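Please work through the following exercises with the structure open beside you, and try each task before reading its solution.

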Amino acid sequence: MPNWFPASKANLTWRGSLPPPRVPSGAPAGAVYPGRVPTDSPALLVADLRKRYGDRDVVAGLSLRAERGELTAVLGPNGAGKTTTIECCEGLRRPDGGRVEVLGLDRALPESAAELRHRVGVMLQEGGLPLSPRAVDVLEHVARLHDRPGASGPLLERLGLTTVARTRVRHLSGGQRQRLALACAIVGEPELVFLDEPTAGLDPQARLAVWDLIRSLREAGTSIVLTTHLMTEAEDLADRVVVVDRGSVVASGTPDELRGTPHVRVVVPPGATDAAVAADLLSALAAHPRLVTALEGGDVLVRDRDGGDLDTADLALVASALTRAGHRAAQVALARPTLEDAFLALTGRELRTEAA
Amino acid sequence: MSATARRVWAQTRFETVAVLRNGEQLVLMILLPVIALVVLATTDLVPLPEPRADAALGGALAMAVASSFTSQAIAVAFDRRWGVLRMLATTPLGPRGLLAGKLGAVLLVLGVQVLTLLGVALAVGWRPGGVTAAQVGGGLLLMVLGTGVFVAFALLLGGTLRPEAVLAIANLLFVLMVVGGGLLLPLDTLPAPLAAVAAYLPPGALGEALRTLCTVGQVDLLAAGVLAAWAVAGGLLATRSFRWDA
């Protein structure tokens with residue numbers, strides 16, 4: 001397999017066709033000017049972003065930060081404002097308020113927009129592919145628009161598209177189009193790439209191939225911001241996860257930080273209520289004040305009061321306490337919360353129908 | 001060639017190849033004008049000024065120019081739906097480069113259309129002897145102005161409505177322009193009230209001016225002015241109304 005990605009990418013600080021503009025004398029420290037690329041700036045900085053459609057605040061004061069060389073996943077239910085946020089960052093939508101800095105450049109300045117088109121790759125949710133030409137022609141055309149593109153052939157091979165390279169885009173499957181759109185987003189070897197649901201609609205094999213490619217990009221130093229509905233995608237790939245709901249950030253951190261610590265889950269037996277079991281359990285565990293109970297989805301959770309990990313000894317304590325409290329039929333298990341648990345806890349379980 | 005020009009040329013080439021490989025586009029932009037030229041030049045179905053082949057060539061050239069309206073309106077509408085315009089606008093090509101590339105492709109295809117029609121016209125009796133450089137320049141001016149008008153209105157239509165609506169409207173308007181707009185047939189074959197209005201609309205002004213140029217050898221400056229005014233108006237409307245996404 002050819003090594004498509006150059007190892008030196010992480011060292012690049014200037015990739016534009018224009019010479020770096022002069023920074024005005026007397027400029028305040030930390031000020032951002034078009035073309036000036038502070039190497040300590042994050043890949044993406046969004047501050048108090050606002051976007052309104054009609055009478056609806058789709059993005060309502062959203063702030064996030066994505067570091068260079070990291071993969072930041074933006075998670076959220078339908079209509080949370082993920083795509084609108086990303087499109088404001090890509091320059092495809094004009095925010096109503098707030099500030100967006102991409103690679104240290106103010107996104108609102110026209111000079112920045114021209115410069116960022118050289119340095120940022122974009123994969124749209126709808127793909128953005130012309131349907132009549134052949135797949136390889138589309139990719140080679142997009143490559144021609146960049147100053148220093150990567151080779152198209154190895155990229156097609158990496159994404160399993162070699163056999164359909166000469167097929168017209170309209171005859172590709174949804175998954176093949178998705179992979180071709182990803183190839184178009186990265187063929188210019190961008191410093192930062194925005195991927196809007198890059199694996200939506202892919203079968204498991206294609207998804208793994210895309211994940212491998214995304215990992216390679218990150219290892220080569222490319223900053224990545226992706227939106228996704230897939231918790232596994234965020235858990236497996238992301239350095240940091242930003243959970244967005246109703247137009248603002250409700251949580252952010254590493255996947256481990258968001259998941260939380262291992263706890264004991266008690267499945268309430270038939271005939272009992274979760275509140276009664278929790279109360280009985282708390283009384284039976286009175287000698288162990290570090291253990292606290294909580295209700296979640298009809299079950300009772302037992303957690304460490306200070307956020308520490310629970311282990312099998314704690315599991316035995318809880319099982320014994322349940323027996324003493326007369327709830328012999330209850331099932332207990334040591335559980336590590338998944339990102340999906342955390343996501344549902346943060347965004348609720350009700351169905352959403354609105355779209356942003 | 002500068003990097004910007006190189007990118008615009010790449011887009012021009014890409015779009016030109018896409019048009020020339022598309023069967024429907026070839027029918028609309030090449031085959032229909034050729035059929036119209038042959039029928040008008042070799043039959044007396046429609047009264048035309050003499051020599052017939054010259055008048056037919058003028059109408060066919062105008063029809064070829066106007067076909068860019070239907071072609072571009074439909075292409076732009078579907079490109080919007082599929083996000084093609086937005087994707088390309090995020091590359092170093094940028095929105096302006098994309099539009100420049102599209103216009104370049106339209107002009108390149110127009111060159112192919114003109115050469116094809118001139119070849120067919122020779123076969124059906126048109127003789128270019130005595131054509132002056134000023135007449136060639138006048139013809140180019142009229143066709144470029146016509147292209148400007150029709151591309152501007154194509155962007156207005158394709159950049160604001162749903163693709164299905166654009167498909168229907170653009171095809172219908174093309175038929176109306178050809179049959180009753182003075183594009184292919186002389187204005188004096190239309191009812192007088194319609195002819196009076198059509199003379200100041202883009203199809204009528206372009207068709208009549210190219211027929212006059214091909215038969216009499218004179219550039220109709222009033223028609224050129226009418227086309228320029230419509231090009232400016234269409235351009236302003238398109239600039240104000242165009243939406244990049246569907």
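**Exercise 1.** In this predicted model, determine the handedness with which H3(B) passes H5(B), and state which residues of H3(B) and H5(B) meet.

*Solution.* Begin with the axes: those of helix H3 (residues 52-82) of chain B and helix H5 (residues 94-123) of chain B come within 10 Å, crossing at roughly 155 degrees. Angles over 145 degrees count as roughly antiparallel, and H3(B) and H5(B) are therefore roughly antiparallel to each other. The crossing of H3(B) past H5(B) is right-handed. Turning to the residues, H3(B) contributes B:Ala53, B:Leu57, B:Ala60, B:Leu61, B:Ala64, B:Val65, B:Ser68 and B:Gln72, which meet B:Val106, B:Leu110, B:Gln113, B:Val114, B:Leu117 and B:Ala121 of H5(B). Sorted by class, this contact of H3(B) with H5(B) holds 11 nonpolar and three polar residues, with no charged ones.

**Exercise 2.** Trace the strand order of the open six-stranded sheet in chain A, and explain why strands E6 and E10 of chain A each have one side without a neighbour in the sheet.

*Solution.* Reading across the sheet, the order is E6-E7-E8-E3-E9-E10 (chain A), and the pairing is mixed. Strand E6 (120-123) and strand E10 (248-253) of chain A stand at the edges with a single partner strand each, so one side of each lacks a neighbour in the sheet. On average, and ignoring direction, neighbouring strands are turned by 15 degrees against each other.

**Exercise 3.** Describe how strand E3 of chain A is joined to strand E8 of chain A, and which helix lies across E3.

*Solution.* Strands E3 (residues 71-75) and E8 (residues 223-228) of chain A run parallel and are joined by five bridges; A:Val74 stands opposite A:Thr227 in E8(A). Helix H11 (residues 339-347) of chain A lies across E3, strand E9 (240-245) and E10 of chain A, and runs at about 30 degrees to E9(A).

Terms used: Residues are numbered from 1 along each chain as its sequence is written. Chains are lettered from A and ligands numbered from 1 in the order in which they are written. This is a predicted model: local features need pLDDT of at least 70, side-chain atom pairs count only at pLDDT 80 or more; totals for chains, interfaces and linings use all residues. Two strands pair if DSSP finds at least two bridges between them. Helices (H or I, at least four residues) and strands (E, at least two) are DSSP runs, numbered from the N terminus. Axes are lines fitted to C-alpha atoms, for helices over the stretch in contact, and angles run from 0 to 180 degrees between N-to-C directions. Two residues are in contact if their C-beta atoms, placed from the backbone, lie within 7 Å. Angles under 35 degrees count as roughly parallel, over 145 as roughly antiparallel, 65 to 115 as roughly perpendicular and the rest as oblique. A crossing is left-handed if the near helix is turned anticlockwise from the far one by less than a right angle, and right-handed if clockwise. Ala, Val, Leu, Ile, Met, Phe, Trp, Tyr, Cys and Pro count as nonpolar, Asp, Glu, Lys and Arg as charged, and the others, Gly among them, as polar.
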